[in-house]
Amino acid sequence: MSALAVLAGMTGCKDAQNVSENPFAQEKQVLKEAIKHRSPDVQSVEIVGDTLVYTHIADGVVDIKTYVFDNDVCVEAERVYVFPDQRSALRHYRRAVEQAELYDDIQMMKNKVKYDLKKDQYKLETKGLTKEQLKAKFDKQISDAKADLKRNGQYIENDMNCCKDKGKCDKGKCDKK
């Protein structure tokens, strides 16, 4: 399900009416929610047994990387993308096929694209890291992304509020209607 649809559904009836009347209201509401919750999008990383699973959801696309470890050495990696529509999945599938030197067993199932990373590729990504070290690496990326959003969130919020009830904005300057 699209993150945009989820956030729009959480805004309530009054906001839903505003969204249907103004097509840009939905995008603005999503940005406000992202700023409010200090979340760049949805990211998580977890260790389940000998497997590390990193999930990143952005712009309605779910990206799941699965790394399988044996004695703290990565022995296999798989990537699955779930797209909002089959057309987007097909574009990604074609790009993956064009880069077949990086992937094995490339498959497309409706709006999902799945492939295994070749040994050289996942070894490059894991660089000899244990699953705990790889998790720490992903946790740091998530933390850095949240810190960046927090830093830049105020600028975005100020820009969005710039012309509130004043008219249209042009490069931070408001023109009254």
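Reader: In what do the side chains of Asp144 and Lys140 meet?

Author: The side chains of Asp144 and Lys140 meet in a salt bridge, 3.0 Å from N to O. Here is the general idea. Side chains of opposite charge can pair when their charged atoms come close. The rule asks for a side-chain nitrogen of Lys or Arg within 4 Å of a carboxyl oxygen of Asp or Glu. This is a predicted model, where local features need pLDDT of at least 70, side-chain atom pairs count only at pLDDT 80 or more, and totals for chains, interfaces and linings use all residues. Residues are numbered from 1 along each chain as its sequence is written, and side-chain values use heavy atoms, leaving out hydrogens and water.

Reader: Where do Asp144 and Lys140 lie?

Author: Both lie in helix 6, 4 residues apart, about one turn of the helix. Helices (H or I, at least four residues) and strands (E, at least two) are DSSP runs, numbered from the N terminus.

Reader: Is Asp144 buried, exposed or partly exposed?

Author: Read the relative accessible area: under 20% is buried, over 50% exposed, in between partly exposed, with a 1.4 Å probe and protein chains only. Asp144 has 39%, so Asp144 counts as partly exposed.

Reader: How many salt bridges are there?

Author: The count comes to 9. One of them joins Lys131 and Asp50, at 3.5 Å from N to O. That pair links distant parts of the chain: Lys131 sits in helix 6, Asp50 in the loop between strand 1 and strand 2 (51-58), 81 residues apart. Lys131 is buried at 10% relative accessibility. Asp50 is partly exposed at 47%.

Reader: Which residues are linked in a network of salt bridges?

Author: Glu78, Asp105, Lys114 and Asp116. Take Lys114 and Asp116, whose side chains meet at 3.7 Å, N to O. Lys114 is buried at 15% relative accessibility. Asp116 is buried too, at 18%.

Reader: How do I read the overall fold? How many helices and strands does the protein have?

Author: It has 6 helices and 8 strands. From the N terminus on, the elements run α-α-α-β-β-β-β-α-β-β-α-α-β-β.

Reader: What is the strand order in the open sheet of 6 strands?

Author: Start with pairing: two strands pair if DSSP finds at least two bridges between them. The order in this sheet is 1-2-3-4-6-5, with antiparallel pairing. Strand 1 (42-48) and strand 5 (103-109) stand at the edges with a single partner strand each, so one side of each has no neighbour in the sheet.

Reader: Which bridge partners can I look up?

Author: Strand 3 and strand 4 pair over 9 bridges. There, Ile64 has Val80 in strand 4 as its partner. Strand 4 and strand 6 are joined by 5 bridges, with Tyr81 facing its bridge partner Val113 in strand 6. Another 5 bridges join strand 5 to strand 6, where Gln107 partners Lys114.

Reader: What about the turns? What phi does Asn71 take?

Author: A positive one, near 55°, in the hairpin of strand 3 and strand 4, which has 2 residues between the strands. Lys110 also has a positive phi near 55°. Lys110 sits in the loop between strand 5 and strand 6 and is exposed at 66% relative accessible area. Lys127 has a phi near 45°. Its place is the loop between helix 5 and helix 6 (131-162), and Lys127 is exposed at 62%.

Reader: How do I read ring pairs? How many aromatic pairs are there?

Author: A pair of aromatic rings is described by the distance of the centres and the angle of the planes. Rings of Phe, Tyr and Trp (its six-membered ring) pair if their centres lie within 6.5 Å; planes under 30 degrees apart are stacked, over 60 edge-to-face, the rest tilted. The count here is 5. Tyr81 and Phe83 are stacked, 5.8 Å centre to centre with 20° between the planes. Tyr81 and Tyr115 are tilted, at 6.4 Å and 40°. Tyr81 is in strand 4 (residues 73-82) and Tyr115 in strand 6 (residues 112-117), so this pair ties together parts 34 residues apart in sequence.

Reader: Are Tyr81 and Tyr115 buried or exposed?

Author: Both are buried. Phe83 is buried as well, at 8% relative accessible area. Ring pairs link Tyr81, Phe83, Tyr103 and Tyr115 into a cluster.
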